[in-house]
Amino acid sequence: MTGLSALLIAIALSAPQAPPQRFDHAKHQRLFPTCTACHQQAAAGEGPLYPDPAACATCHDGTIQLRVSWRAPEPRRTNLRFDHALVPVMTRAGQAEPPGCTVCHGKEGGLWMAVERVNFGNCLGCHGVRTAHLAAPDTACAVCHLSLAQARELTREDIAALPTPPSHRDATWATGGGHGRAAVSGGGGAAVAASCATCHAREFCLTCHVDAPDRAAIQALAKDPRSTAIVVHLAPPGTHDEPTFLSRHGVAARRTPTSCATCHTRESCLTCHAGTPRVAAALPPRSAERGVGAIVKRRRPAFHGANFARAHGAMAARTPATCAGCHVQGDCLACHRADAGTARGYHPAGFLARHPAAAYARETSCSDCHNSGGFCSTCHAAAGLVSTRPLRPGYHDSNALFATGHGQAARQSLESCTACHAERDCLTCHSALGGRRFDPHGPGFDAERLRRKNPQMCTVCHGAAIPTP
Amino acid sequence: MTRLRAVVSLLLWVLALPRAGPAQGYRLGLDTRAQAVSYRGVLLDSVPVSDTVTGPTGGPTSRDGFAVSCFPGFSYCSVFRPGLEQHASPLTSTADLTAWGLGVAGLSIRVRARLGASLGASDVWPGTEPALQLLEGYAQYAVERMTLQLGRQTVATRLGVTGFDGGRVTVRDGRRGLELTGYGGFGLWRGSTLPVTSSALNPLGEFRPPERTIVAGAGVGWSAALFDARLSYEREVDPSVDYFVSERAGVDAVVRPYRGLSLSGGADYDLAQGWWGNAEATLGYLAPNGRINATARVRRYRPHFDLWTIWGAFAPVPYTGIDASLSLTPISRLRLHASGEHYAFENANVATPLVSVESSGWRFSWSAGYTVVRDVAVEGGYHAEFGPGAASRGFEGNISYTAGEVLALGLHGGTLDRPLEYRFDESSLATYGVYAHYRPAPRVGVELDASRYVEERTRPDATAFDWNQLRVSARVVLAFAGGADLAGLPPAVQGMPRGPRPEQ
């Protein structure tokens, strides 16, 4: 920010403070031949700047003139260095005499005592500034203005009302490096431009910069909590809004970690990331000297699409480290070890009635989350949906002969069968030891391999006489 | 008395745990949920043949109108009458604890345990036995190149989410994207926190191994900018006889040739059975602006059975499906989604001249969501699936209001028609309900849900009983924390307080 912008505060603050009664200079032009009769300080550099109100009563005594309630205005809150006591030493090159009162308070060639508000353009002119006030060079600010930290009279409201220089409205000012370049362009070996210090102090920078301790320009600013009266809202860079940002930001962070470190502390990473990624470890932790920085909110990545709850399994199996970036094992168990008290969640409302269709064709594997014995069979048993010896017809009543032709249904949806039927039900017919001795082995059955891996299974139907292929 | 004891234990559990955590830092989350639900099944009965009559559709029925099944030569016929209405009220409380600062950098402890009780008149809802279940509980030592875990834990691979009591070590080279994992221990049965020997997992009295199985596995992964690949292997052994329970291997890979485009796939092979299990290949596209997300996939599904059952010897056949999905956001307020799949089973090689069974099926769904104003959104959709065994179709929708992360209110409703293939039982269901989620503080959350279910069953006999109910549920979430690095632990590690729930 250009330092001279603070000059406007002086204008604003020099506006009439609505005193009890204003002194009308023009009305008194015939009475006073000089300014310094009343404003001694302006001429001598000492003495009062305003006359004693009692002097007014010389005429305004209620007899000659009406009484008046004028009194000297309160000292103004300002960040100007100017003091009328300095007027006697304010000489310009080639001129031995200081400027007269009318140079600042009147018009050239104007009527006597036609006092006007100070024309601050004259300040710039005399001080050699040839630009608009807020565009003045950095070196010019401190000539007329105190730094914010020195201007103790200013309140937070005054500071919040400081004008914004046009340069600050440039698109590259906030995040394009504009203000950073301006801050270190003060010249004269200064660590920070005086123009910045006119309106800002270190706390203001901490609003965004978490790398403040590492920035010499920021450290060169004085501390002043009033500086946060100027509130800035820094929008995230446009790249952060891209849908692939969440999945690709790690690459950018590794490439240019310092760009992240401007706004982000380690906590930004840890808001989402479990563990401590290498980039996060390189960032400084949050501290009072660094400020809060960017507040990161955990959100669902774009690649977690609408169907992600059903499709995430393959991704989790393939790159568990990616999941572990933001999730811990316990997150998986919320669904994969289902809670009996949960009414809704992964499944929609009414799924209890809908689940037969989902279970028969297994759009997803039920047993990834539900144990077939402890979940399916337990509930089916309570509902009377499990078989009891001896096996009877009747439940699958859409076809009276279902029991005799159930093979295809069983091989297609065997998991569904096992939710209601125990092995003994099948052994009634499918056993080499008794019953009807129907061979249950179908396509792909590798007897020799299974006998090698676990012959105990074979003995259930074949006893000790396991046939050799 | 047992139920009362369980409730008292639950209260003591809730009161005692917040005081736990002597370590320098800890996070503790308590998530208590309860629901009241009822359902109604059937009751197997029999009637003498002499008590049957011919029903309106020509088949035999009992005198009171229930269809009966009679076997030639038997003097009694089977009949399924409406069962008693079962009421269940499971109450569960899950505690999730992470503790660190144990004197060794990188050492932490994680425990996730659940206490459950059934408050209803009958103990009919699955998952509440035994009352106390340890989901995971392990000590972890993690440094940049290695993670070591010891205790009860789970490992997720393409072979499933395997639980075991044992150890796991992961060694990684982050610079090269390599990771090597090995694990082993006493197994927990699939989808549960209990070993296969637990009676709670054997309600039908099936054959089970007499001892806990032993699980061992290994995996190696390689991640690079353009691709990821991983190999997994896992075996499970019955120590009582030293025979295999299962032995499988799997491979997963993805290639990202172009920004937004990916081709992924994987397959697993059952070394014990000698056949391929599940496999899939997916082509995915995510537009740079995020407004288009599309996938096309070919997949194969074959169920996996452990070798201590005889089910694998029945040679279950796989099916192959082709599916696609498309999500669009044409304008910022509108979200559209559609997906569909067709699948067909392989030839089961079973002659069924008397019974015709479907061998292929399809399913599709579409949905749309629109943000009416800033905090109010409307969503609706339709799904339909038809295949062997059962079918379903129906609409569902909801309207929601959210006030930041503090409050969420919503109304939801839906319809469902569900015919069954193997049984005369066509059900029509209508649901509607209301829910409220309130989070008055970052570490406190309350959720309430009440839904009404209205069902009509269509059968040509007296078994066409209705199944109407009011289902209510409640959830309370509390979080506790303490420690020097209170602000430094990520929510992902904390587990609590939870962030906004991801959309399903």
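How many residues does the contact take from chain B and from chain A? In this predicted model, chain B contributes 145 residues to the contact and chain A contributes 117 residues. On the side of chain B that touches chain A, the largest share comes from strand 1 (residues 25–48) of chain B, which supplies 8 residues. Sorted by class, that side of chain B consists of 66 nonpolar, 54 polar and 25 charged residues.

Chain B contains 26 strands and 2 helices. Its C-alpha atoms fill a box of roughly 80 × 55 × 55 Å along the principal axes. Chain B has 504 residues, of which 41% count as buried. When contacts in chain B between residues at least 6 apart in sequence are considered, 50% of them join residues at least 24 apart.

For chain A, the domain assignment gives domain 1 (3–133), domain 2 (304–337) and domain 3 (354–462). Between the C-alpha centres of domain 1 of chain A and domain 3 of chain A, the separation is 104 Å.

Helix 17 of chain A spans residues 329–336. Its buried residues are A:Q329, A:G330, A:L333, A:A334 and A:H336. In an α-helix, residues three or four places apart point the same way, because there are 3.6 residues a turn. Against which strands of chain B do the buried residues of helix 17 of chain A pack? The strands of chain B in question are strand 6 (90–100), strand 7 (107–118), strand 8 (132–143), strand 9 (146–157) and strand 10 (160–173).

Further along chain B, strand 24 (residues 426–441) pairs with strand 23 (residues 407–418) in the antiparallel sense, over 12 bridges. In this pairing, B:L409 has B:A436 of strand 24 as its bridge partner. Strand 24 of chain B is also joined to strand 25 (residues 444–458) of chain B by 14 bridges, and these two strands run antiparallel. Opposite B:Y432 stands B:R452 in strand 25 of chain B. Strands 24 and 25 of chain B form a hairpin, with 2 residues between them.

Some backbone geometries in the model call for separate description. Most residues other than glycine have a negative phi, and most peptide bonds are trans. The peptide bond that joins B:E129 and B:P130 is cis, with omega about -5°. B:P130 is located in the loop between strand 7 and strand 8 of chain B; both of these strands are among those against which the buried residues of helix 17 of chain A pack.

A positive phi of about 50° is found at A:R362, which is not a glycine. This residue belongs to the loop between helix 18 (351–361) and helix 19 (372–382) of chain A. Is A:R362 buried or partly exposed? A:R362 is partly exposed, because 19 other C-beta atoms lie within 10 Å, whereas a buried residue would need 20 or more.

In chain B, B:N349 likewise has a positive phi, of about 55°, although it is not a glycine. The loop that holds B:N349 lies between strand 19 (334–345) and strand 20 (360–373) of chain B. B:N349 counts as partly exposed because it has 14 C-beta neighbours inside 10 Å.

Key
Residues are numbered from 1 along each chain as its sequence is written. Chains are lettered from A and ligands numbered from 1 in the order in which they are written. This is a predicted model: local features need pLDDT of at least 70, side-chain atom pairs count only at pLDDT 80 or more; totals for chains, interfaces and linings use all residues. Helices (H or I, at least four residues) and strands (E, at least two) are DSSP runs, numbered from the N terminus. A residue is buried if 20 or more other C-beta atoms lie within 10 Å of its own, exposed if 12 or fewer, and partly exposed in between; C-beta atoms are placed from the backbone. Two residues are in contact if their C-beta atoms, placed from the backbone, lie within 7 Å. Ala, Val, Leu, Ile, Met, Phe, Trp, Tyr, Cys and Pro count as nonpolar, Asp, Glu, Lys and Arg as charged, and the others, Gly among them, as polar. Domain bounds come from an automatic or database domain assignment. Two strands pair if DSSP finds at least two bridges between them.
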